[in-house]
Structures are given as C-alpha cells and as structure tokens.
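The exercises below concern charged side chains and their surroundings. Please work through each task before reading its solution.

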Amino acid sequence: KLVSDAIYGIEKSGRYICESRLYKMLEHEFDLLIDRLSQERSEGLLFAFADTIETLNYHKTNFGNGWMGIRFQLHPQEAYNEIVFHIELLDNDTALQQQAVGVLGVNLIYACFNYYQDYKAILSSLTEGIDDRVKVDMCRIKGPQFEGLDNRLVTLELVKQGLSNVAMFDEHGCPVHPCEFLYKKNLLVVRGSFRPATHRTLDRIHAAANQFNQEKDLSPRGTETISEITLGDLCIDIGTVIEQDFLDRVALLQFLGQKVMITNCNEYKGLINYLASYKIAKLGIVIGAGGLLKIVNSKYNRNKDGRLITSYGEIFTRNVKIYVYPSVDKQKGGVLTCQNIPIPEGVKYLYKHIFDNQHVVDIVGYNPDVIHIYAIIMLRMIEDGEPGWEKFVRDDVADFIKRKNLFGYTTKEDWTSKKS
C-alpha cells in the first residue's frame, strides 16, 4: 500500500479495489511510456496494462473481484484506445484465481491487437481457456479505433455472451458497476419491457419510489432507482435480440432519466444474490400482481419435494422487499393485488407469513386510471401507423418518440409511401 500510494497517490475513499485506482494506474503508466519512448521509438506502438484485484483471503470471507484495463495504440503517435472492465473470480482457491487473472490479462492484450475491428470478438476472447472461472460484468471501450461504438451495446453483449448475468449503464449510456455507484446505498429495481414507457410504466416507477423512500431503515448514503430489462424480454418476438429495438427502449428510458440494468435473471434469486455481493443496504423490487403470482406458483410447483421454505427464503430475505403494482384481472374483472391473488392451498400459510412480515406489500398511491394501459397495444398502433397512441404517454415522451423515430414510428406521409 505504501509503495502504491507513493506511485499513484492515496485513494480518498480508502478502497483500493476500485475504478478510480485503475484509471490512476493506467494514466501514470501510459504517460511514462509517452515521455520516455514516444521520441526514441516514434514508429512503435505503445500500451500500458494495469489491474487492481482482490483474491480470496485465508478464511475465504470475501470474494474475488477487481478491475483490469489497458491503454494501447494501433498506429504510431496516435491517441490511445482504452478498454476497462470489472471482473468476478469464481474459483474457490487463491492460486487458481491468480492464474485466471494472468490468463485474462494475456487474452486482453492479444485481443486488442488482433480483434480490434470487432468489439464482440474482443469480448468473446477474454475468457478463452477460463470460461467458467471469470465473469466480466462491466466493460467500457473508447478511443479512435472505436469511434462511434455504442457502449450500451457493449453492455448488452456481456449478458448475451454469458460473460455476466447482470450489467448496467447510467442515464447517459455510460457503463457503470454497482460496487462504485451503489456501494452501501438503497436500490429500487423496476422490471419491465419499457416498449415503450407508458403512463402506467411511469406511475409504477414513481409510486413505488415514493413508497420506498418512506421506509424507516434506509441507508443515509442515498437511494437509486434502476429500470431492469431481461434478456428474455428482449428476445420475446423472434427469439433473438434486435439491437435497434433494444436501443429504442433504453433511449426512451435515458430520456426519462433512468439508469438501465440488463439481466439474464428471469428468477429474482440470481439478481438478489448478485447485488448482495456489493453490499446493497436495502433492496426494493417492483413487480405486477400477475408477476408475483407467477413467482409464487412457480416456486410452489417446483419445490414440492421439501425445499419449499428454502426456495421462498432465497427471494424474501431480510433486506429485500417486494412492491406489488396492481394488475387487471382479465378473467374475473377487478384488480389483483398481493392481498387477493389466488395463492395455492399448499403454500397459503407460508405466503401469509411472508405477507404479515411485510416482505411483500402493495403499492399505495398509484393512479387507478392508468392500470388498464397496455404497452403492447400502443406499440402495435405505432408500428401500424394508427393514430391516437399519443394518449397513452406523456406529451414529452410522444414528442421524443416522433423526433427519434423510435419503435418503428414514421410520419403519416412516410407510412402512406411505405404501404404503397
């Protein structure tokens, strides 16, 4: 630590396995190369590699993770390109984790100089030879070689390739990691398709956020709200992700000031476990009443062999609360809430225990006039050039969709021309 501080400076946060430390290391080392070699070896290609990693301690009370990055030139005297990412180490042995870091570093350097024309190839090559031993859950790529590359697509690709089950970016489209911006904070996760974000969508977010912020045991470090889209939802139409559809969804969310999380966690257990690793103080999850019923039924039907209590305990943990937005009961009419959903008889008393202990609560203060809005109907209207869809969204949202031609929107004249 003393040597590191002397070279790269002191970290004010006191945490050395962090993003800012990596950037200080890269900046210092690459600047030294430029000062010492750019004139003497003017035709050379320079690169600086750095990492700051925490492996398992002796008692194995932590988990291996850290940051790795590189700055490199592809042409002499050119400005540098940069790749920075965060990793999780999955081996249960310190020596194996160290070996995995070494292989990952070699793979990164090789990829930069051989696969620089294809960011997807760079990502897929990172874990070559260590596929099941490392997760890459944040990656940021920039530089003259990658001008025009959208890091939102890089974030999506991490989840598509199975490098991570969770990845996220902020409201500006910049990839971020929970160990940086969520450390010991409160987090409200709102899962949805956001295709597009209707009055109902925004009511769900705002009503849940207002209720979450009134909880008594929140961390004083602050609260973040993030919109989650699952990989399954992105593949719902044709079984694969349509990148423009993804970009349309997240562009609108960013316009609304939302951070975005892409996950491959159809069940909430994986998401809860992932976030728990980064010391989220209080986690709120927002789902519809219909979604809650699916969770209850799914866990009941798959765990009749004696694991029933354990399976529910994986979700309804001490610092997790489920906020339930009402759904329309299409069969019987009326409104479904967490108080009146049809719970299977075999889990009735377990659910009552969960409800009585307020692990599951109804969202209060919602707008009953908007719960009948279905985004899929509005989407079809936009795609078919049918007028009137604007009433399902805020005026500024409608203007943004039209201005950016999102979700297949075209003007009346363009639609007429397309049909003819």
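**Exercise 1.** Is glutamate 157 buried or exposed?

*Solution.* The model is predicted, so local features need pLDDT of at least 70 and side-chain atom pairs count only at pLDDT 80 or more, whereas totals for chains, interfaces and linings use all residues. Residues are numbered from 1 along each chain as its sequence is written, and side-chain values use heavy atoms, with hydrogens and water left out. Buried means under 20% relative accessible area, exposed over 50%, and partly exposed in between (1.4 Å probe, protein chains only). Glutamate 157 has a relative accessible area of 6%, and therefore counts as buried. Lysine 160, at 33%, is partly exposed.

**Exercise 2.** Find which residue forms a salt bridge with lysine 160, and where both lie.

*Solution.* A salt bridge requires a side-chain nitrogen of Lys or Arg within 4 Å of a carboxyl oxygen of Asp or Glu. Lysine 160 pairs in this way with glutamate 157, their closest N and O atoms being 3.8 Å apart. Both belong to helix H5 (residues 151-160), where they are 3 residues apart, about one turn of the helix; helices are DSSP runs (H or I, at least four residues) and strands likewise (E, at least two), numbered from the N terminus.

**Exercise 3.** Determine which parts of the chain are linked by glutamate 228 and arginine 191.

*Solution.* The two side chains meet in a salt bridge at 2.8 Å, N to O. This pair links distant parts of the chain, with glutamate 228 in strand E8 (residues 223-230) and arginine 191 in strand E7 (residues 186-191), 37 residues apart. Glutamate 228 is buried at 0% relative accessible area, and arginine 191 is buried at 16%.
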